[in-house]
Amino acid sequence: CYFLRLLSHGLCLFVLLLLLSKTILNAQIMISGSAIITSCNGDIKISNNDGDSIKSKLHTVLLPNGLNFKTGTKSKLFMTLSNGVALGIDSETNVQCTEYMQLPFNMEEQSRRIEASVSRLHLTYETGLLAIAGNYLSPLSVIKIDLPDGELRLYKGSCLIEKNDSELRITATEGTLTYYYAGSNDREYITAPESLRIVAARK
């Protein structure tokens, strides 16, 4: 009937526009995203892959791509990234920003509530307590965190990651996370306010 033909035409047009938008995104060149330190105290060490130290004062602007973050006892570091993601690094925490790339955008676009661009944020987490809030990410953006025995992906939402000698705990505080187990196709969906607890194997 006419209605079904119209609906089919609309779906074909939508798919075509989606493929076109992805083609345009792939054609654009991503640049290193930036971040600003919004709060910090205690012993904080930021270094690049060559081991050079980066200053970590309040309101310092960073290019996190390739940087290592390490906090000492009773130390904290909070940053807001240019894609709107907030990172909180608690005491005795080790995190590396393996990749943070973003499509360029102007300041007018940044004033919008949702992310003004498209970004890839890839972190490597070792130990400690890490908080991530990405409630206004673009649907095409992704946050990936490499964990000791798997990988966590966050497309929109917020979470806490905490590891000690006996276990790793991942808590979704908003949205849904996906945890992929290392060396298999198994995965877990963690929906707020649920937690996933992974007990460390005994040596």
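1. Let's start with S138 and its neighbours. S138 touches E115, S117 and V118, leaving aside residues up to four places away in sequence; contact here means heavy atoms within 4.5 Å. The residue sits in the loop between β10 (119-134) and β11 (142-147), where strands (E, at least two residues) and helices (H or I, at least four) are DSSP runs numbered from the N terminus. S138 counts as buried, because its relative accessibility is 9%; buried means under 20% relative accessible area, exposed over 50%, and partly exposed in between, using a 1.4 Å probe and protein chains only.

2. A word on what you are looking at. This is a predicted model, in which local features need pLDDT of at least 70 and side-chain atom pairs count only at pLDDT 80 or more, while totals for chains, interfaces and linings use all residues. Residues are numbered from 1 along each chain as its sequence is written, and side-chain values use heavy atoms, with hydrogens and water left out.

3. Next, have a look at T173, in strand β13 (residues 167-181).

4. From T173 you can move on to I132: the two are 41 residues apart in sequence and 9.6 Å apart in space, C-alpha to C-alpha. Which residues touch the most other members of the largest nonpolar core? They are I132 and I161, out of 37 residues; such a core is a set of buried Ala, Val, Leu, Ile, Met, Phe, Trp, Tyr and Cys residues joined through side-chain atoms within 4.5 Å. Beyond four places in sequence, I132 touches residues including V85, L123, I145, S158, C159 and I161.

5. Finally, some backbone details in loops. P193 lies in the loop between β14 (187-191) and β15 (195-199). K74, in the loop between β6 (68-71) and β7 (76-81), is a non-glycine residue with a positive phi, near 55 degrees. K74 is exposed, at 73% relative accessible area.
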